[in-house]
Every structure is written in C-alpha cells, then in structure tokens.
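Hi there,

Here is the structure we talked about, ready for you to open. My notes follow below it.

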Amino acid sequence: MYGLVNRALQQMICARCGNEGWQSVRHRAGIEDEVFVRMDSYPDEITERLLESASKELGTTAGKLLEDFGRFWVRYTMVEGYGALLNDLGGDFRSALNSLDGMHARVHLLYPALRPPRFRCESLEDAQIRLHYWSDRRGLAPMVVGLIEGLAERYGVTASVRHESQHAPGHDSFIIQLRDKASNVV
C-alpha cells in the first residue's frame with residue numbers, strides 16, 4: 001500500500017486517541033517508521049499490522065475499524081489534494097459509482113505500483129444498486145462499505161449498504177439501498 005493510506009490511518013487514530021494513542025498503535029504493531037511518505041509504496045503487511053494494533057487500542061473489531069476508515073478515507077482524500085479526482089466522478093452518486101474504475105486509472109498515473117480494485121454497478125429495482133467489487137487484497141469488504149457510505153454522504157444521499165456475498169475469492173458484491181435525507185426511497 002502507498003504511504004498515503006498509512007498516513008490516513010495515522011490521522012484517523014490521532015483524531016480518536018491523540019498522538020499518544022498513535023504511538024501505542026505503532027509500537028504494538030512493531031512499526032519503526034515514524035513518518036510514512038505519501039508517494040512511497042509499503043508492504044501490505046505494515047498496514048495490516050497497524051489495523052490489527054489499532055483495533056486493539058480502540059477496543060473495536062478490525063471490520064468496524066475498516067468501515068470507519070472507509071468513511072474517513074473519502075474526507076481525507078478531499079483535503080489531501082485529491083478533491084478534483086472525486087469531483088470528476090460525476091454529478092450524482094450513481095454516476096460516481098460507475099466512474100470508480102476511471103478514477104483509479106487516473107490515480108494509477110500518480111502511483112504506478114497501485115493495485116486498484118475494480119467495480120461494476122448493476123441497477124436493481126426499488127432504488128437499489130448492486131456493486132460488484134474485485135480486489136487481489138483480501139478482507140477489505142468492510143472498508144468498501146464505509147467508502148460507499150462516505151461517498152453517498154458526499155453526494156447528499158443516505159445509502160444503506162449490506163455486504164451481499166462473496167462470489168469467489170477477491171469478488172464481493174454489495175447491495176446499496178438509496179434514500180434521500182428525509183429517509184424516502186430515491
């Protein structure tokens with residue numbers, strides 16, 4: 001993973017339990033790096049150890065932490081200079097979901113070692129979307145739930161997201177029920 005991800009995780013942990021909490025997480029995970037360079041690539045194992053250590057420090061499950069991190073990631077990338085990429089996703093939530101692969105293709109130009117996930121949307125009845133997600137990284141489905149919710153919030157939509165199934169290793173799908181702010185089905 002790129003240092004940008006580890007820096008975001010650090011910021012989220014610091015926001016919850018201060019720099020002392022972050023230092024405790026880092027030490028518990030056995031991470032020597034005090035600073036993660038945004039554009040440098042780090043072994044996935046470092047991020048995994050940080051997540052495991054942070055879930056213990058914060059007294060939560062790894063799944064819940066990943067979901068929270070997904071929501072945090074949307075806000076974090078906006079302030080870290082990637083707002084234009086998010087703005088180019090489209091004028092509404094559905095367009096944004098359909099543009100995720102294109103956005104990752106653009107990000108790949110900045111981060112050549114990027115191993116991005118792939119997404120495909122399927123419109124269902126009753127304001128529902130099935131989002132298919134493929135990744136060579138295992139166990140990130142909870143983060144995708146948080147990302148979807150954070151992205152929906154950015155577009156002023158409430159999205160109830162449920163992990164529908166794992167069709168094959170690395171291929172998950174999610175059902176997204178869209179609602180407007182008055183809790184009416186969109």
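Predicted model: local features only at pLDDT ≥ 70, side-chain atom pairs only at ≥ 80, totals over all residues.

Residues are numbered from 1 along each chain as its sequence is written, and side-chain values use heavy atoms, with hydrogens and water left out.

**The strands.** Strand 1 (residues 118-123) pairs with strand 2 in the antiparallel sense, over 6 bridges. Helices (H or I, at least four residues) and strands (E, at least two) are DSSP runs, numbered from the N terminus, and two strands pair if DSSP finds at least two bridges between them. The two strands form a hairpin with 4 residues between them, and D126 in the turn has a positive phi of about 55 degrees. Strand 2 (residues 128-134) is largely enclosed by the rest of the structure, because 5 of its 7 residues are buried. Buried means under 20% relative accessible area, exposed over 50%, and partly exposed in between (1.4 Å probe, protein chains only).

**Q10.** This residue is in helix 1 (residues 3-28) and is buried, at 14% relative accessible area. Leaving aside neighbours within four places in sequence, Q10 is in contact (heavy atoms within 4.5 Å) with W22 and F36.

**A113.** In the loop between helix 5 (100-110) and strand 1, A113 is partly exposed at 45% relative accessibility. Beyond its neighbours within four places in sequence, A113 is in contact with Y2 and S41.

Best wishes
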